[in-house]
Amino acid sequence: MKSLLSISNLSKAYQANNIHALDDLSFECAKGEVISVVGSSGSGKSTLLKLIAGLEIPDSGKIILNDKVINNESIFVQPEQRDCDLVFQDFSLFPNMTINENIHFGKNAPSNKSMIDELISLTNISDLLSRYPHQISGGQQQRAALVRALANNPLLLLMDEPLSNLDSELKENVRRELISILKKLEMTVLIVTHDAEDALTISDKTVVLKKGKLVQLDTPKNIYKYPKSEYAARLFGKTNIVPLDMIPGAKHFFTQTSTGDDLSLIHISEPTRRRGIGGSRVGVEKKRGGGGGGGGGG
Ligand code: ADP
Ligand code: MG
């Protein structure tokens, strides 16, 4: 598949604290693909989206969107000229505008009227158009923010933890709606999440970030089943780390048991040392259910 977004050797350090928020990051996103970006807090996920949206300037590296260089050492395309839209974690609807005004605010909105009408009915917000953001629920705000972003008909949709402000019951419904809308529109999406369940249900591929570096890129299911590091394993569900020296004769393995599934042994390519004690590691036992748990590991 043709790549729509190409990120090459992208780095960004914030001067204020000299933190390397992104460190030599490279990956590609094909047209129509949904890629999730997961990582612990501070791993550079939001920075990545801001760089693509043009809200931050990289120190080095290249970003190509739809065959057009939007960032390299000499080019910086202004945010409004980039064919992508960013949905923020707090939805960032304009509080002084009605939902209708919010939705029609975007630069391409006037020419996309019929598409916007379809989006409004698809997301079930037609009855809310005359209300202000504070007069609707979190889930409804999320849908309005999504319609506002899609109203521009962007080539690439960037979403920064769009589900994290929703309570768990609402979240499941909104997630289901989100998936069906994105699939229907065949949108290309980069979605940041810290929830493995989101990654497993929404995305085709997952980029795992740790301290600004890409540590694994694969299907979310493969990362769940074959994490290359303890870090990735822990991001993808409740995990018990068992020191390897407690399993006599074992080599460097992750052992994974999902309730009801067969026990499987998973090789880790880069065994790490047990912190403080020095033994090699490690088995991993995954547990289904509970917060952030796996769900796709069978
Ligand atoms: P994430 O979204 O994964 O939580 P961020 O991309 O927001 O991570 O941040 C990555 C790192 O860069 C963090 O250490 C954060 O404190 C730092 N950082 C983010 N934005 C700024 C900023 N505007 N100025 C200084 N440091 C920042
Ligand atoms: Mg963030």
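An N or O atom in the side chain of Thr47 sits 2.5 Å from an oxygen atom of ligand 1. That pair counts as a polar contact (N or O atoms within 3.5 Å). The protein covers 68% of the 560 Å² of accessible area that ligand 1 has on its own, with areas taken from the Shrake-Rupley method with a 1.4 Å probe.

This is a predicted model, where local features need pLDDT of at least 70, side-chain atom pairs count only at pLDDT 80 or more, and totals for chains, interfaces and linings use all residues. Residues are numbered from 1 along each chain, chains are lettered from A and ligands numbered from 1 in the order written, and side-chain values use heavy atoms, leaving out hydrogens and water.

| Protein atom | Ligand 1 atom | Distance |
|---|---|---|
| Asn17, polar side-chain atom | nitrogen | 3.1 Å |
| Gly42, backbone N or O | oxygen | 2.7 Å |

The shell around ligand 1 (residues with a heavy atom within 4 Å) includes Tyr14, Ile19 and Lys45. Helix H1 gives the most to this shell, with 3 residues. Helices are DSSP runs of H or I with at least four residues, and strands are runs of E with at least two.

Now for the sheet: 6 strands line up, open and mixed, as S6-S7-S8-S3-S9-S10. Strands pair if DSSP finds at least two bridges between them. S6 (84-87) and S10 (213-218) are at the edges with a single partner strand each, so one side of each has no neighbour in the sheet. Further in, S3 and S9 run parallel, joined by 5 bridges, and Val37 has Val207 as its bridge partner in S9.

How values were computed:
Polar contact = N/O pair within 3.5 Å; in protein donor to acceptor, adjacent residues only side chain to side chain.
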